[in-house]
Amino acid sequence: MKNMKMFSQSTSFSRPKYDSSLHSTHVDDDYGRISDGSIRSSISIDQQSSPVHPDTWEQISPLSKSPWSCHLATSKASFDDYYDPSSYNRLIGSLVREEGHIYSLAASGDLLYTGSESKNIRVWKNQREYSGFKSNSGLVKSIVISEDKIFTGHQDGKVRVWKMSKKNPTVHKRIGTLPTLKAYIKSSIKPSNYVEVRGHRNALWIKHFDAISSLSLSEDQNYIYSASWDKSVKVWRVSNFKCLESIPAHDDAVNAVVAGFEGLVFTGSADGTVKVWRREVQGKGTKHYFSQTLLKRECAVTALAVNPTATIIYSGSSDGVLNFWERDKLGGCGGELRSHKLAVLCLATAGNLVFSGSADMGICVWQRVGKADHIFLSMLTGHSGPVKCLAVEADGEASERDRRWILYSGSLDKSVKMWRISEQAAETQHGQDQRGCGGGCVGTDRNQSTRSMIKSQLRNR
């Protein structure tokens with residue numbers, strides 16, 4: 001079989017010019033919500049690509065022929081444009097979609113779930129389309145997996161729950177919507193269940209009245225958290241889908257929520273803050289108490305991720321900066337990593353590695369060395385649009401001596417790319433050319449072309 005070159009449709013990006021004539025409280029775009037304080041950040045927005053017509057997917061079964069095409073590497077040379085022989089990290093495949101941006105990814109074992117602005121969630125196995133299912137609302141903003149249940153967060157403010165059939169794992173059936181219809185009707189009877197929203201109307205406290213931006217499962221998978229642009233975070237019990245609590249978390253849209261270690265929950269917002277909440281179980285419910293504010297900046301917080309084994313929390317902001325804090329030093333100023341030119345849109349962790357996807361179309365790979373230092377390993381390039389979401393799974397073909405990961409990246413260039421990432425590269429670099437980082441900062445890059453491109457963005461701290 002002939003080697004196939006990866007391709008993706010080129011997309012034109014125009015940068016909006018913000019000036020004093022802009023008075024909107026938020027900018028609603030493909031990057032989440034960004035407050036007035038961060039509007040001036042240099043962000044590239046895809047304004048010229050045509051959106052999917054709403055009627056297009058109504059006529060297509062999610063199990064019919066997909067508009068996706070798959071491009072796999074049959075050898076290293078297949079992707080020589082994106083393969084660096086001096087690096088252990090390389091592109092191994094690409095899924096290209098003919099229409100629609102990729103907004104969410106979730107990986108579980110050998111399955112990959114992709115969500116986009118269409119009404120379909122596609123399921124992939126071994127880089128081949130495996131199955132799919134359709135929701136009643138477009139724009140799938142977030143996907144999380146809990147055993148045989150799949151939770152999807154949507155633009156309409158609802159969380160939908162799906163279950164894989166035991167008899168036929170290619171079949172997924174919707175088993176619930178959060179809040180449930182029964183809970184909604186029961187709650188609507190009591191006037192005390194209504195809260196004032198946006199100063200002029202009332203809404204039930206168990207329902208989000210703006211887009212879902214992020215979902216996260218607790219460590220024990222007993223609770224699922226939903227963050228919304230309505231400035232709140234809601235807590236749901238996984239077993240019965242009951243809404244246990246609504247947390248008025250921020251003064252602006254909540255862009256990210258992640259359930260961390262030791263019962264702690266972290267939230268990031270367009271108001272420029274990262275907050276810590278402490279969960280306590282009270283009877284059959286929960287109560288979350290505000291613990292502290294880790295970060296307060298002028299620019300929006302756009303992404304969060306937790307390394308549970310190392311008990312480190314990472315945040316990304318619209319100015320391209322990553323901040324991180326160790327569990328034992330949450331009260332301190334933490335560390336800072338710089339490499340992106342534009343907004344950080346997504347984060348993921350695996351082993352000792354940290355991945356950050358950005359509006360600058362690149363993916364930075366970092367390795368934690370020791371307790372707090374970080375080495376900049378490489379910049380993964382290949383997307384022609386902003387990188388909106390990341391998912392990572394252990395590489396089943398890796399050996400005990402070489403810890404490797406499969407990284408999936410979804411982009412507004414309408415493609416999902418698959419990368420093989422090795423921790424051995426970082427260990428080699430650490431042994432050969434690590435520079436002193438002190439409190440955890442920017443290290444060196446082995447790829448000369450990448451280093452030249454981002455040299456001005458890197459600095460030692």
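View 1. Start at Val 233, which has Ile 247 in strand E18 as its bridge partner. This is a predicted model, so take the picture as a computed one. The two strands involved here are E17, covering residues 232–237, and E18, covering residues 243–248, and they pair in the antiparallel sense over 5 bridges. Between the strands of this hairpin sit 5 residues, and Phe 241 takes a positive phi near 65°.

**View 2. Zooming in on E11 and E12.** Strand E11 (residues 159–164) is joined to E12 by 6 bridges, and the two run antiparallel. Look for Met 164: the partner it bridges to in E12 is His 172.

**View 3. Lys 149, a buried charge.** You'll find Lys 149 in strand E10, which spans residues 149–154. Lys 149 is buried but has no salt bridge. Its nearest side chain of opposite charge belongs to Asp 148, 4.2 Å away, and a salt bridge has to be within 4 Å. So who does touch Lys 149? Setting aside neighbours within four places in sequence, Lys 149 is in contact with Val 144, Val 161, Trp 162, Ile 175, Val 238 and Phe 241. Phe 241 is also the residue with the positive phi in the hairpin of E17 and E18.

Note on methods
Residues are numbered from 1 along each chain as its sequence is written. This is a predicted model: local features need pLDDT of at least 70, side-chain atom pairs count only at pLDDT 80 or more; totals for chains, interfaces and linings use all residues. Side-chain values use heavy atoms; hydrogens and water are left out. Two strands pair if DSSP finds at least two bridges between them. Helices (H or I, at least four residues) and strands (E, at least two) are DSSP runs, numbered from the N terminus. Buried means under 20% relative accessible area, exposed over 50%, partly exposed in between (1.4 Å probe, protein chains only). Lys and Arg count as positive and Asp and Glu as negative; His and the chain ends are not counted. Contact means heavy atoms within 4.5 Å.
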